[in-house]
Amino acid sequence: MTIELLPLPLPASADPTKFSQFGREVKGVNPGTFTPEEFEQIKDALYKHDALLFRDVTLTPEQQYALTKAFDPQSENYGHGNNKTEGTKKSILHPDLKTIPRVPQVQLIGNGTVYNHEGLAEAMLKHPSHTTFHKTRVSEEDEAKGVTRFYRWHIDAALYDLSPPKVTTLYGINVPNGPHQQCRYDDGTGDVLEVPLGTTAFVSGKTMFQILPKDLKSLAVRSKVKYAPHPYVWMAPAHALSTGLGIESEGLELPFSELPPWEESKRKTFPILWKNPVTEELHFQVHPCGAAELIVDPLPEGADKTGALYPDGATVTDIKEVRDILYKMQRPAIAPSLVYPHDWKPNDLVLFHNRGVLHTVVGAFTKEQVRAFHQCNLAASDDPVGPSAEDVKKWA
């Protein structure tokens, strides 16, 4: 049986011309009990459309793990290594993760106190808030009026030792109702995005690359990012930009010497652009908060050097320069017209291509608003593939 794919409902703020291929609602298949043939259709659709929505789903943690693992059968462990390092109290991820005891690859995330949930007698959940992570914050007066911010634009990945998950599955169980909020960028542009309460916001890494001017496309196709060791511990004392797209350069990161034990060989260096395994298109996939260095290859032989950045190649180690370059390349793609803020309904299941999109938590809840989601992603069995020699020749 062929599954049915329908376009996602876009908010009025979205530019429909930039979302023609992004996101599909899937009908005609149960994501908890799919056949091998149905799974091949799901997999193909995910890589072509980057985000899939299943409505009114009943899904056990075991089924969610099986669905997630089907995308990478050799993968086994939660994408952050079952919290071994990220579970340390020093990590910025520590408050956000609660493991389902009998299926440790599935995490319980959300807000408020949840009782008798999948083997957890009591779980106190805290929705991440920009007020604890950004350098500046929305005033309490504005927050009371429903003004909020993007929390942290990211890829789900440990960025140290483990390979980035291929897919993340998010299952909404308890979804609080409430008025829409105004997500303010507060970066001098005046940009504001109306968002549903507690939305997960997505942007396309493919669009992020495609809208760049020629000089930045050339830089992207020639560059790799080297991430800090234990990046979530490293960044924990630092503050984020008001857009959630990276860190302020204040020198507050934990010195490498004060991090948990680490090895240079386990640090991750990834291309800026990751090749889609089905479409072969290039997606701009950088977690800006964890980036420590930029490694740029020289222009290929015979390429026009006019206006090119770092035409002879470079290794950029100045952290502010690294961040400024990445921000210049990534900020255009989080413009309000390019963001898909998902409007969660109870029993929604969203699958997203973690190697093809960036996403962020948005919004703020009161303690009384209980939100419970199951999240699963698995450290991949391989690293992402970067641009081919032909890609470099085409775009450099």
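**A tour from one loop to a buried arginine**

Begin by selecting Asn347, which is found in the loop between β18 (340-342) and β19 (349-353); strands here are DSSP runs of E with at least two residues, helices are runs of H or I with at least four residues, and both are numbered from the N terminus. This is a predicted model, in which local features need pLDDT of at least 70 and side-chain atom pairs count only at pLDDT 80 or more, while totals for chains, interfaces and linings use all residues. Residues are numbered from 1 along each chain as its sequence is written, and side-chain values use heavy atoms, with hydrogens and water left out.

Asn347 has a positive phi of about 70° although it is not a glycine. Its relative accessibility is 29%, so Asn347 counts as partly exposed (buried is under 20% relative accessible area, exposed over 50%, partly exposed in between, with a 1.4 Å probe and protein chains only).

Next, select Glu280, in the loop between β14 (273-275) and β15 (282-284). Glu280 also has a positive phi, near 65°, and is a residue other than glycine. With 55% relative accessibility, Glu280 counts as exposed.

Now show the open sheet of 4 strands, ordered β13-β12-β16-β17 with antiparallel pairing; two strands pair if DSSP finds at least two bridges between them. The edges are β13 (269-271) and β17 (314-316), each with a single partner strand, so one side of each has no neighbour in the sheet. On average, neighbouring strands of this sheet are turned by 20° against each other, direction ignored. Strand β16 (residues 291-296) is joined to β17 by 3 bridges, and Leu294 stands opposite Val316 in β17.

Of the 9 residues of α5, 7 are buried, so α5 is largely enclosed by the rest of the structure. Among them are Lys217 and Arg222.

Finish at Arg371, in strand β21 (residues 371-377). A polar atom of the Arg371 side chain lies 2.7 Å from the backbone oxygen of Gly198. Leaving aside neighbours within four places in sequence, the contacts of Arg371 include Asn111, His127, Asn174 and Trp344.

Definitions and conventions: Polar contact = N/O pair within 3.5 Å; in protein donor to acceptor, adjacent residues only side chain to side chain. Contact = heavy atoms within 4.5 Å. Axes fitted to C-alpha atoms, helices over the stretch in contact; angles between N-to-C directions.
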